Amino acid sequence: MAIPRRQFFRQMMIGAGTAATLPVIGKSAWSGNWRSLQFDAAPGTAIRLDSNENPYGPCSKGCETLKGMASSANRYPKHDYIDLAEAIAATHGVSRERVVLGCGSAENLRMAAACYLGPGKTLIMASPTFELIAQYAQNAGAQVIMVPLTRDHAHDLNAMLERAGTGQGVVYICNPNNPTGTVTPRADLEAFVRKLPSGYTVLMDEAYHHFVIGSGAAYTSFIDRPVESDQLIVTRTFSKIYGLAGMRIGYAVATPDTARRLMAQKVDWAMSLLAVRAAMAAWNDPDHVRNAATRNAGDRQEFYNQAKARGIPVIESQANFAMMDSGRPVEEVIDHFKRNNVLIGRPFPPYTSYARISFGTPPEMQEFWRVWDTMPARKSAA
Ligand SMILES: Cc1ncc(COP(=O)(O)O)c(C=O)c1O
């Protein structure tokens, strides 16, 4: 008998039934080094399924704009910043002073850390999640507390609230979450923001916002229906769906007061004219976003289908990547793929057997599955 798709996924996806297989880390402090985790030497010919980029290239209008720009490189980007901030603000229905442009979300995360973290302050984040801000927190002398995701791979907001206590600092929420691709429901987040002590700022990272399709995910952006609170910053990036990761541009939306504080930490003239003009062209191309999201949903479904055919559990994702349970230490899988010229995501403890795969183009994914099928069987432990 055919199993309906939803039910199939409930069985396939790790959840309550298989939670025992998930390692539980407690309130561990961040002890990593972001830079040492990054940018493993990538041979130019490697298939790159490791950084959640857009494998199809930059959006075409951004690309066209860039091609014509070499002769403008002698000019500072003067009005371009304002034009882009205005365009973003108009789309989101907010005033321009609420939009903070940055060299990718990375710079906006760094600005937030510089404003709201320091000695005696705390960064609270999920485990696993996108860890860049932990490095900034550590640089600022703040304590980092990592709170395991729930069994559904959502942020454990109650536990985060408990850990916040009466302190001060930042709560980082990545929604959809990298590396799990899962979402934390909007209603839960709204209640969380209401209860959070006033000494905390919530940094809502919506880098993968555009890939969420359908309402079943209980996801709603905090930009499209803003919460008027000085305690809230929402970040977005041009690196993912727009395919402009190499350009380094993103933005944050906050209240005017919070945006002013962030801007005070910004390096002046840091974003290049090329980045800003490419982002502007991309912004004016909503068809690109729609088409890329639809294509990604198809790629995601094909990934599920291939995993299902091999009996591999996958965490259901709302992003342009997914985590699959390899049934072995993920380092072995990463090495196997690397030897075959395919780069996949790094380890994300405590999900020690899970590999994060960024979806590539169909030929790239064909190669991915071919390589997967050549992985040597594990020797039995007995
Ligand atoms: C959740 C999340 N936020 C931010 C970033 C960094 O984005 P950007 O390229 O805009 O700095 C990434 C990159 O992978 C990410 O996964």
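The model is predicted, so local features need pLDDT of at least 70 and side-chain atom pairs count only at pLDDT 80 or more, while totals for chains, interfaces and linings use all residues. Residues are numbered from 1 along each chain as its sequence is written, and side-chain values use heavy atoms, with hydrogens and water left out.

**Overall make-up**

The protein has 13 helices and eleven strands; these are DSSP runs numbered from the N terminus, helices being H or I with at least four residues and strands E with at least two. Of its 382 residues, 53% count as buried, meaning under 20% relative accessible area with a 1.4 Å probe and protein chains only. Among contacts (heavy atoms within 4.5 Å) with a separation of 6 or more, 75% are between residues 24 or more positions apart.

**The ligand**

There are 14 residues around the ligand, and S105, D205, Y208, T237 and S239 come nearest; a residue counts as near if one of its heavy atoms lies within 4 Å. The table gives polar contacts, that is, pairs of N or O atoms within 3.5 Å.

| Residue | Atom of the residue | Distance to a ligand oxygen atom |
|---|---|---|
| A106 | backbone N or O | 2.9 Å |
| S239 | polar side-chain atom | 2.6 Å |
| R248 | side-chain N or O | 2.7 Å |

**Two loop residues**

A319 lies in the loop between α11 (286–309) and β9 (321–325). A319 is buried, with a relative accessible area of 0%. Leaving out residues up to four places away in sequence, A319 touches G181, Y208, F211, N296, R300 and F359. N52 is 267 residues from A319 in sequence, yet their C-alpha atoms are 8.8 Å apart.

E131 is found in the loop between β3 (122–127) and α6 (132–140). E131 is also buried, at 7% relative accessible area. The side chain of E131 makes a polar contact of 2.5 Å with that of R346; within protein, such a pair needs one atom able to donate a hydrogen and the other able to accept it.

**A helix pair**

Two packed helices are described by the angle between their axes and the distance between the axes. Helix α3 (residues 60–67) packs against helix α10 (residues 273–283) at about 145°, with the axes 7 Å apart. Here axes are lines fitted to C-alpha atoms over the stretch in contact, and angles run from 0 to 180 degrees between N-to-C directions. From α3, K61, G62, T65 and L66 meet L274, R277, A278 and A281 of α10. By class, this contact has four nonpolar, two polar and two charged residues, with Gly counted as polar, Ala and Leu among the nonpolar, and Lys and Arg among the charged.

Technical notes: Buried means under 20% relative accessible area, exposed over 50%, partly exposed in between (1.4 Å probe, protein chains only).
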